[in-house]
Amino acid sequence: MIFNSITFLIFLVLVVILYWRLPRLARLWMISIMSLVFYGFWKPQYTLLLIFAAVLDFFVAREIDKRQEKRSRRNFLILSLVLNIGILVYFKYLIFFKDNLESVLNSFGSNTHILPHLKIILPIGISFYTFETISYTVDVYRRHIKPEKSFISYLSFLVYFPHLIAGPVLRAADILPQFDNRRIFNWTHIIEGFKRIVYGLFLKVVLADNISPLVDQGFALHASALSAIDIWTLAFLFGFQIYFDFCAYSHIAIGCARLMGIEFFENFNFPYMAVSPKAFWKRWHISLSNWIKDYLYLPLTGKKVSYDKQEAISEIKNSNSIKGYAALFATWALMGFWHGANWTFVVWGLYHALLVTIHRFTSPYFKGLNKKVRDISGWCISLPFLMLGWIPFRVTQLSTVGEYFKKTINWHAYTWLGMRENVYLITFITLLLIIISYLLTTYVKPRIENTFIGQLSNVVILSISVALVIVFLRPISQFIYFQF
Amino acid sequence: MFKSPTVFVNIVLPILLGIGLLYFYQQRLRSAADLGLGEGTSSYFPSVNNSPIHITDPQLTDSMVAGWKARGSRPVYLWQGNSQLHGVNQYKAGQVNCIEFLFNKLNDRHEEVLGASYPNGNMQEFLLSLLYLHHKFPIWGFIQPVFYDDMREDGIRAEMNIPDLLKKVKEDSLYFNNIPSIKSMVSNDSLIAGVKADNFSGIHATAQEQSERWLDKQLENTWGIWKNRPDIRGNLFNDVYKLRNMALGIKANTIRKMIPGRYADNYQAFLNMLKFCKDHQLPLIIYIPPLRNDVSPPYNLTEYNNFKAQVIHDCETSNVICLNLENLVPVQYWGVKQGTSFGGGTEIDFMHFQQGGHQLIADTIYQTIGKLGFK
């Protein structure tokens, strides 16, 4: 089921009413069943895969906790990792590996087909719930948390529909206690949830879905028909589309959970206002960045995970060694690969590793500058390069990535325009609106929040958003992150 | 009613006000089909015995062909173009457009014409439309205007994403392989970028599609606003467009520059159209469409003259008739339309003329058909 649909809104109202009416245990059963129904609306048979993932890690975690011997604990952890990652590899990467291996063999003159033609449908959200279930088992292995005693509680956490398909990537330690505690109904939950859902739907159906055709048409043009300015514009425009789309999903997910009194961490914080590549990853898909740091980057650098500190990958101390950089690049390559089975995603990851590295090397030279000057110049330099990073994320061929990047350094390609004037205008206005929205949220909102003007603005903005959501609400497209 | 007044202020009031805004906005809706033409110009799509003889949606082709068959499958010409064909400036009840004029005239010859026109169409769409319609009925002769404006347009409209047409494009790939944008779309098994065929594309072939379509239908049947949503969206976009024009001072006579990438793709589509007609021995009349000559056109004149010269040259090279009808329609048949920006008054309509202009152009095409002796 997708959020931008009437079916979902009716489903949500029903779930929220039931949730607040039922006693604790019945709530958990209801959440699990309804979440499976939510997932089953896409492909019912794949709910079995989801249940399998829950059963596997619920019991493996218990076994790990029971055992004292390190080797035995590790064996169970490996069992969980092999099965979880094995399933992910089968559904997401098998065709990619097969195709690549066959191309390598073909380049040596062998016309071999390792496997017959495969048609595998990627289970929606598999990358997200696999990460969540892995983190649970690893946390139990590291003795950061005790295993959950009740299977229904664990199942509720894993399949909880707001985060099931595209995150935020939750940790059992943050959510399970909230399920276990008896929650008291409060209208504040409903108000906050309602607002987040309306804003999320606004971002998705009004902004992202209407930017999408411009992006699709632009990227459908051959590279030769695009000027360098077009490439930058498309990079920005796709950057806005994916931000609105994904941020919308997170808003709606957080809003749905709030309706039930459950709190998720924020997943976005004006990422395009980041003053450096490092700061960007503290503002973009925050839950994934933290997951990658705790379960991939730190183990690769050989450092101990500290759950108390929320550091960005690039902030980890003593990481300026060769091992540190190797870990950084390997982490980003894997992060890219997690997004999709295509070399272009690996390039996207490595591109960001490069930006972070350049920032590490250059930032000490600007330390003497006034903070405001440093921040503004940092933003002006970082934003275009962060946006350019969306090119390998959006195009599907490595050769096209090369053509696009080459064009941006060809000065002759800056002398003409290849798209309609509206595209540049919309891109510029969107950027302007993001900046205004950031300034209002950061500097004006806290001052007027509890005043009459604040209340009035709130009602006006919400009313216009409601009207536009009614007009534009259509399941015309899925959320972009569903494919990951 | 509510335990806390904040519930009313934060939930109930915004919902009520939001719906109220929509009711208010709904009062001033214009039909989506006429929005692109501007007030002062109306769409006119003729039909005979309830079967269309002029369509703007290729999905109506079957109904048009059924009418043609019912009338005795007479030799038929296809006339394609943009909204100039269906837009009648200062339209009055009972007036007709060029397609109907030519249709009536051809009755004497026991022949007929069928029309297909697409607002803001581009040459790539015209090529696709020709391929599709040629596949649907035996075209006797083909009439195609080549508009400079259309060379700035791009993209294929959702109505053209027909499986049958996609199949034909794949079969006749030699007419599309050298148009990168179409080639890349076809490789994604679609004729439109992004494969967004309809409002339900995001849940296509899932269990949710049925429930969503059912709920959507129920809402359409019971709530006027829901039913009018496509028109509300169209009007909202039109208002944004007007706001842009007002802010940037854009008027009907503002110079529009050529867009190199689009021009290349569209011009290639035109050349492929010439080749298609030659390969299929399809008699063809190309014309440079009428243009207002009392005011300077909204084009860069050097670019426009180069375009014209290129079209005439390529038609000559391919032995195709190319009529230059730039000066065919006199000043009195052109008109004005409601301004395209807020508070902008009226503006010159450069594209659409009054019924008199439609008659003139139909007469010219009729005479050319006669001279060429297509029969």
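Predicted model: local features only at pLDDT ≥ 70, side-chain atom pairs only at ≥ 80, totals over all residues.
Let's start at a loop: Arg143(A) lies between helix H5 (126-141) and helix H6 (151-159) of chain A, where helices are DSSP runs of H or I with at least four residues, strands are DSSP runs of E with at least two, and both are numbered from the N terminus. Its phi is near 60°, a positive value in a residue other than glycine. Most residues other than glycine have a negative phi.

Residues are numbered from 1 along each chain as its sequence is written, and chains are lettered from A and ligands numbered from 1 in the order in which they are written.

The model scores ipTM 0.86 and pTM 0.86. Chain B averages a pLDDT of 88, and 92% of its residues score at least 70; pLDDT is the predictor's confidence in each residue, from 0 to 100.

Back to chain A, which has 19 helices and zero strands. Its radius of gyration is 23 Å, close to the 23 Å that the globule rule gives for 484 residues, so chain A is as compact as a globular protein of that length. That radius is taken over C-alpha atoms, and the rule is 2.2 Å times the number of residues to the power 0.38. Along its principal axes, the C-alpha trace of chain A spans about 70 × 65 × 50 Å. Of the 484 residues in chain A, 47% are buried.

Where do the two chains meet? On this interface, 41 residues of chain A are in contact with 45 residues of chain B, a contact being two residues whose C-beta atoms, placed from the backbone, lie within 7 Å. Helix H1 (6-21), helix H9 (187-220) and helix H19 (452-472) of chain A each supply at least two residues of the side that touches chain B. That side of chain A divides into 27 nonpolar, ten polar and four charged residues; Ala, Val, Leu, Ile, Met, Phe, Trp, Tyr, Cys and Pro count as nonpolar, Asp, Glu, Lys and Arg as charged, and the others, Gly among them, as polar.

Crossing into chain B, you find six strands in an open, parallel sheet with the order S4-S7-S5-S8-S9-S10; two strands pair if DSSP finds at least two bridges between them. Strand S4 (54-55) and strand S10 (321-324) of chain B are the edges, each pairing on one side only. Helix H5 (residues 98-106) of chain B packs on the sheet, touching S4, strand S5 (76-81) and strand S7 (112-117), and its direction makes about 165° with that of S7(B). Axes are lines fitted to C-alpha atoms, for helices over the stretch in contact, and angles run from 0 to 180 degrees between N-to-C directions.

Strand S8 (residues 139-145) of chain B pairs in the parallel sense with strand S9 (residues 284-288) of chain B over four bridges, and Pro145(B) stands opposite Tyr287(B) in S9(B). S5(B) and S8(B) also pair in the parallel sense over four bridges, with Leu78(B) opposite Phe142(B) in S8(B). Six of the seven residues of S8(B) are buried, so S8(B) is largely enclosed by the rest of the structure.

Terms used:
Buried ≥ 20, exposed ≤ 12 C-beta atoms within 10 Å, placed from the backbone.
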